[in-house]
Amino acid sequence: MDYYVKLAYDAIKYYLENKTYLRDFDEKFKKNSNGIRVEVKINGGLKGISGSIFPTRKNLGLDIIHEAVNAGFFDFKFNPITKENLKDLEIKVFEFFDVEKLRFIEDFKDYDGIMLTFMEENYYVYRKDFDSDIEMLEKALEISNVDSWDNFSIDKFRMKIHK
């Protein structure tokens, strides 16, 4: 198990048992600060997603812990994690870095994806899922329901997926 995923799992398990956030974690997580997004599934079904392409806490460890707990317990569209289904969790931790505003699609270059922000909602699209940068941008515009006169922003990013 990847050590990012292990920290997310440990945070969820600790919260389930203690109803508070894990405080002790490896020093290697305290040296960096990148954007983190945690996806939690139970038996293949989505449980929750939480996070941002931007760092939101003091260090990487705190971001992983808080986003894992948010995805696991505070996404009320899904049933909660219990002691019985804890063993069935599937966790992915998306680590984002080199985040920049995207002004023109021609400037996308070798980044891994974009996040379109519109009306305080974020829409993530990953380059690997498309044959061209234009197709990726068109999909982001489609899923966000943005028109040319709307006020929105697009950030490009590199990422690593921890499984």
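Student: Which residues does N85 touch, not counting residues up to four places away in sequence?
Tutor: In this predicted model, N85 has its place in the loop between α2 and β3. Residues up to four places away in sequence are set aside here, and the residues that N85 then touches are I42 and P80.

Student: Is N85 buried or exposed?
Tutor: The relative accessibility of N85 is 15%. Buried means under 20% relative accessible area. N85 therefore counts as buried.

Student: Which residue has its backbone nitrogen 2.7 Å from a polar atom of the side chain of N85?
Tutor: N85 is in the loop between α2 and β3. A polar atom of its side chain lies 2.7 Å from a backbone nitrogen, and that nitrogen belongs to T82.

Student: What distance separates the end C-alpha atoms of α2, and what span should its 14 residues have?
Tutor: At 1.5 Å a residue, the 14 residues of α2 should span 20 Å. The separation of the end C-alpha atoms agrees with this, being 20 Å.

Student: Which residue caps the N-terminal end of α2?
Tutor: The backbone nitrogen of G61 lies 3.1 Å from a side-chain oxygen.

Student: Which residue has a side-chain oxygen within 2.7 Å of the backbone nitrogen of Y4, at the start of α1?
Tutor: Helix α1 covers residues 3–18, and Y4 is one of its buried residues. The side-chain oxygen that reaches to within 2.7 Å of the backbone nitrogen of Y4 comes from D2.

Student: With which residues is A8 in contact, leaving aside its neighbours within four places in sequence?
Tutor: A8 lies in helix α1 and is buried, with a relative accessible area of 0%. What covers the buried residues of α1 includes β1, α2, β3 and β6. For A8, leaving aside its neighbours within four places in sequence, the contacts are I64, A68, I91 and V93.

Student: At about what angle does α1 run to β3, and across which strands does it lie?
Tutor: α2 lies across β1, β2 and β3, running at about 35 degrees to β1. α1, by its own placement, lies across β1, β3 and β6, and its angle to β3 is about 120 degrees.

Student: What is the order of the strands in the open sheet?
Tutor: The sheet has 6 strands with antiparallel pairing. Its edge strands are β2 and β5, each of which pairs on one side only. The order is β2-β1-β3-β6-β4-β5.

Student: Over how many bridges do β4 and β6 pair?
Tutor: β4 is mostly covered, with 5 of its 6 residues buried. It pairs with β5 in the antiparallel sense over 6 bridges. With β6 the sense is again antiparallel, and the number of bridges is 5.

Student: Which residue in β6 does T117 stand opposite?
Tutor: Strand β4 covers residues 113–118. In β5, the bridge partner of T117 is N122. In β6, the residue opposite T117 is S153.

Student: Which residue takes a positive phi near 50 degrees in the hairpin of β4 and β5?
Tutor: This hairpin has 2 residues between the strands. The residue there with a positive phi near 50 degrees is M119.

Student: Which element supplies the largest share of the largest nonpolar core?
Tutor: This core has 27 residues, and those touching the most other members are I12, V40, I64, I81, L89, I91 and V93. α1, β1, α2 and β3 each supply at least two residues. The largest share is 8 residues, and it comes from α1.

Student: How many residues does the second, separate core have?
Tutor: I105, F108, I114 and V146 are included in the second core. This core is separate, and its number of residues is 14.

Methods: Residues are numbered from 1 along each chain as its sequence is written. This is a predicted model: local features need pLDDT of at least 70, side-chain atom pairs count only at pLDDT 80 or more; totals for chains, interfaces and linings use all residues. Side-chain values use heavy atoms; hydrogens and water are left out. Helices (H or I, at least four residues) and strands (E, at least two) are DSSP runs, numbered from the N terminus. The expected span of a helix is 1.5 Å times one less than its number of residues. Buried means under 20% relative accessible area, exposed over 50%, partly exposed in between (1.4 Å probe, protein chains only). Contact means heavy atoms within 4.5 Å. A polar contact is a pair of N or O atoms within 3.5 Å; within protein, one must be able to donate a hydrogen and the other to accept it, and residues adjacent in sequence count only if both atoms are side-chain atoms. Two strands pair if DSSP finds at least two bridges between them. Axes are lines fitted to C-alpha atoms, for helices over the stretch in contact, and angles run from 0 to 180 degrees between N-to-C directions. A nonpolar core is a set of buried Ala, Val, Leu, Ile, Met, Phe, Trp, Tyr and Cys residues joined through side-chain atoms within 4.5 Å.
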